[in-house]
Amino acid sequence: LQESVSLSDGAAREDFLAEAGRVALNHAAAVSGTRAIYLTLDYRALGLNAPLGISYTYSADGTVSPAPLTDIYAYSESDPEVVQYYGVKDAGAPLWFERYHNSELGTYIASYLHPLYVDGRFVGMVGIDIESSAISDIAAGIVAYETGFASILTKQNTVFYHPYHTPGGVISDDRDAYPEIAEAVTGGKVA
C-alpha cells in the first residue's frame with residue numbers, strides 16, 4: 001500500500017476500497033476457476049473498530065456476489081476461519097495455501113495470499129481462492145515428449161495433481177528415487 005493512503009480518513013478509505021475492489025475483480029476475471037477474492041485489513045492496527053476490506057465470491061457459473069467480511073479478531077489464530085490470514089502474516093511473503101475442501105463453496109480450493117505492508121508494518125492481506133481443478137486442468141494439458149506428464153506436489157510432498165495418484169496423497173516412494181527433486185520441493189527452491 002502506498003504511504004499516502006490514509007485508511008483512517010473515511011472518504012479516502014472508501015475511495016481506496018472502491019478502487020481495490022475494481023482492481024481485484026479485474027484480476028479475478030483473468031484467472032480461470034476463481035471462486036473468491038478478498039482484501040482483509042487489520043482494522044485495529046489501523047485504529048478502527050470494525051472489519052475492513054472487500055470480499056467477493058464466485059458461483060460455479062461465474063456469478064459474482066459480495067461476501068461478508070471476516071472479523072479476524074472474532075477467532076483464535078488457529079481457527080480455520082482465519083488461519084490463512086495469520087499464515088501469510090507469519091510467512092511475511094506471498095504463499096500458496098494447501099489445497100483444502102471449502103464446504104461453503106462445495107469444492108476443493110487452492111488459495112494464493114499476499115501480505116500488505118505500510119511503512120514496513122503488516123496491515124493485512126489480499127487473496128484469491130481458485131478451484132483446484134482449474135489448476136489441475138492446466139497441468140493435465142502438459143505433455144512432455146510422447147509419454148511424459150506434469151504433476152504438482154506441495155512442499156509437504158503431497159499430491160496436488162498427478163494423473164495416477166489421488167490428490168492429498170503422499171508420494172513417499174519417489175523421495176528415495178529422486179532425492180534432488182524432493183529436496184528442491186521441500187526446500188522451497190521450486191514452486
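Modeller: First a term: buried means under 20% relative accessible area, exposed over 50%, and partly exposed in between, with a 1.4 Å probe and protein chains only. This is a predicted model: local features need pLDDT of at least 70, side-chain atom pairs count only at pLDDT 80 or more, and totals for chains, interfaces and linings use all residues. Residues are numbered from 1 along each chain as its sequence is written, and side-chain values use heavy atoms, with hydrogens and water left out.

Colleague: What share of the residues in the chain is buried?

Modeller: The chain has 191 residues. The buried ones make up 37%.

Colleague: In what pattern do the elements follow each other along the sequence?

Modeller: Helices (H or I, at least four residues) and strands (E, at least two) are DSSP runs, numbered from the N terminus. The chain has five helices and eight strands. Read in order, the pattern is α-β-β-β-α-β-β-β-α-β-β-α-α.

Colleague: Is isoleucine 37 buried or exposed?

Modeller: Isoleucine 37 lies in strand 1. Contact means heavy atoms within 4.5 Å. Not counting residues up to four places away in sequence, isoleucine 37 touches Ala24, Ala28, Ile54, Ser55, Tyr56, Tyr58, Gly127 and Ile128. Its relative accessible area is 5%, so isoleucine 37 is buried.

Colleague: How far apart in space are isoleucine 37 and alanine 67?

Modeller: In sequence they are 30 residues apart. C-alpha to C-alpha, the distance is 9.5 Å.

Colleague: Which elements cover the buried residues of helix 2?

Modeller: In helix 2 (83-91), the buried residues are Gln84, Tyr85, Tyr86 and Val88. Their cover includes strand 1, strand 4, strand 5 and strand 6.

Colleague: Which elements do the buried residues of helix 3 pack against?

Modeller: Those residues are Ser132, Ala134, Ile135, Ser136 and Ala139. They pack against strand 4, strand 5, strand 6, strand 7 (152-153) and strand 8.

Colleague: How many nonpolar, polar and charged residues are in the lining of the second largest pocket?

Modeller: On a 1 Å grid over the protein atoms alone, a pocket is an open set of points where a 1.4 Å probe fits, with protein on both sides within 12 Å along at least five of seven lines; lining residues have an atom within 4 Å of a point. Of the 29 lining residues, Thr70, Glu81, Gln84, Asn102 and Asp129 lie nearest the centre. Ala, Val, Leu, Ile, Met, Phe, Trp, Tyr, Cys and Pro count as nonpolar, Asp, Glu, Lys and Arg as charged, and the others, Gly among them, as polar. The lining has 18 nonpolar, eight polar and three charged residues.

Colleague: Is aspartate 119 buried or exposed?

Modeller: Aspartate 119 is found in the loop between strand 5 and strand 6. Its phi is near 50°, a positive value in a residue other than glycine. Relative accessibility is 59%, so aspartate 119 counts as exposed.

Colleague: What is the relative accessible area of tyrosine 145?

Modeller: Tyrosine 145 lies in the loop between helix 3 and strand 7. Its phi is also positive, near 55°. Tyrosine 145 is exposed, because its relative accessible area is 81%.
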